[in-house]
Amino acid sequence: MLVIYDPTHLLHNPTTELYDGVATPSPETPDRIETIKKSLEELLQLCWKNPDNFSDEEALTLHSKPYIEYLRESSSRLVKGQECVTSNFIHDTYAPISNGTWAAARSALNTALTGAQSLLQGDDNAVYVLCRPPGHHAGDAYMGGYCFFNNAGAAANYLSAHGRVAILDIDYHHGNGTQQLFYERSDVLYVSIHANPANQYPYTNGFEAETGLGKGLGFNKNIVVEKYCGWDIYSHAFTEALEAVTQFKPDYLVVSLGFDGYKDDPIAGFGLSIENFGQISSEIKKLGLPTLLVQEGGYCIEALGDLAKEIVENLS
Ligand code: OKP
Ligand code: ZN
């Protein structure tokens, strides 16, 4: 397996998010990716690559001009130590911008697009995009939930010029941004298994009645499970998700890979063990598709390295 990694992510280092108006430490920290990197470096079958530079025109096609300019300017305006979570371009209070945010979010797009390109070139049948900040809550003109640009969405859109693309989102939270970006498209399928939005973030989207619009009707599938549901229930939901992917007959698979379903995740958790993530991974391998793994959430720092290893070892 090939891994794409860029240390530029370190420039985005938020200290606090606003939770119910109160400044709270942010769990979306640089050591998430650094700990996964250290752990994967122990696996000898991996190849590592730094991302290529993609132009703004290539990388930012899914986002609106005013939103892009807002993020670029606000990020450059802030000085060290300053953070900002209020604007017209945010859907919650969980995406703190600081001086390094633009560079880091932009590099995450390069990382995802380099992964997509490597997959197209046939460098490997599975590529791991080890990026942050995550992306699946970012929509065309908004940030939120630690996300600024939609990395998996950009990769899927890039691949869609060469075939049918299925996005399988296994982060604990619904990827409302990804859903929005592809809601009226039939060439990219979005399938997500996530915690019930009636009581879990992002609250506003992710219900099973949301199935797409216009041409996209039938190409958005939300599968809802409850917090701490455990493997018995989760595995059924996962099988249902895989059936939807298979039925679509994609040429490429993009996995929004969140580790926050892990049982000890501090902000989430489906009650899944490290072995369960291995089972998920071997089922994905059985699909036999060129697969791009794009890192999303996962906040249990002590387990992230083992979770990533488990995914890689069962998919290689
Ligand atoms: C991002 B990703 C926690 C309130 C909600 C936002 C969660 C964003 C998750 N105190 N926090 O999908 O992992
Ligand atoms: Zn999540």
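A residue counts as near a molecule if one of its heavy atoms lies within 4 Å of it. The model is predicted, so local features need pLDDT of at least 70 and side-chain atom pairs count only at pLDDT 80 or more, while totals for chains, interfaces and linings use all residues. Residues are numbered from 1 along each chain as its sequence is written, chains are lettered from A and ligands numbered from 1 in the order in which they are written, and side-chain values use heavy atoms, without hydrogens and water.

**View 1. Residues around ligand 1**. Ligand 1 is surrounded by 13 residues, of which H136, H137, D171, D260 and Y299 are the closest. This shell holds 5 nonpolar, 5 polar and 3 charged residues (Ala, Val, Leu, Ile, Met, Phe, Trp, Tyr, Cys and Pro count as nonpolar, Asp, Glu, Lys and Arg as charged, and the others, Gly among them, as polar).

**View 2. Side-chain contacts of ligand 1 with H136, H137 and Y299**. A polar contact is a pair of N or O atoms within 3.5 Å. An N or O atom in the side chain of Y299 is 2.5 Å from an oxygen atom of ligand 1. For H136 the corresponding distance is 2.6 Å, and for H137 it is 2.7 Å. The protein covers 89% of the 410 Å² of accessible area that ligand 1 has on its own (Shrake-Rupley method, 1.4 Å probe).

**View 3. The ring pair Y146 and Y299**. The ring centres of Y146 and Y299 are 5.8 Å apart and the planes meet at 70°, so the pair is edge-to-face (centres within 6.5 Å; planes under 30 degrees apart are stacked, over 60 edge-to-face, the rest tilted). Y146 lies in the loop between strand 5 (126-130) and helix 5 (151-159), and Y299, 153 residues away, in the loop between strand 10 (291-295) and helix 9 (301-315). Helices (H or I, at least four residues) and strands (E, at least two) are DSSP runs, numbered from the N terminus.

**View 4. Backbone at P133, P202 and D20**. R132 and P133 are joined by a cis peptide bond with omega of about -5°; P133 is in the loop between strand 5 and helix 5. Another cis peptide bond joins Y201 and P202, with omega of about 10°. D20 is not a glycine, yet its phi is positive, about 50°.

Technical notes:
Polar contact = N/O pair within 3.5 Å; in protein donor to acceptor, adjacent residues only side chain to side chain. Phe/Tyr/Trp six-rings, centres within 6.5 Å; stacked < 30°, edge-to-face > 60°.
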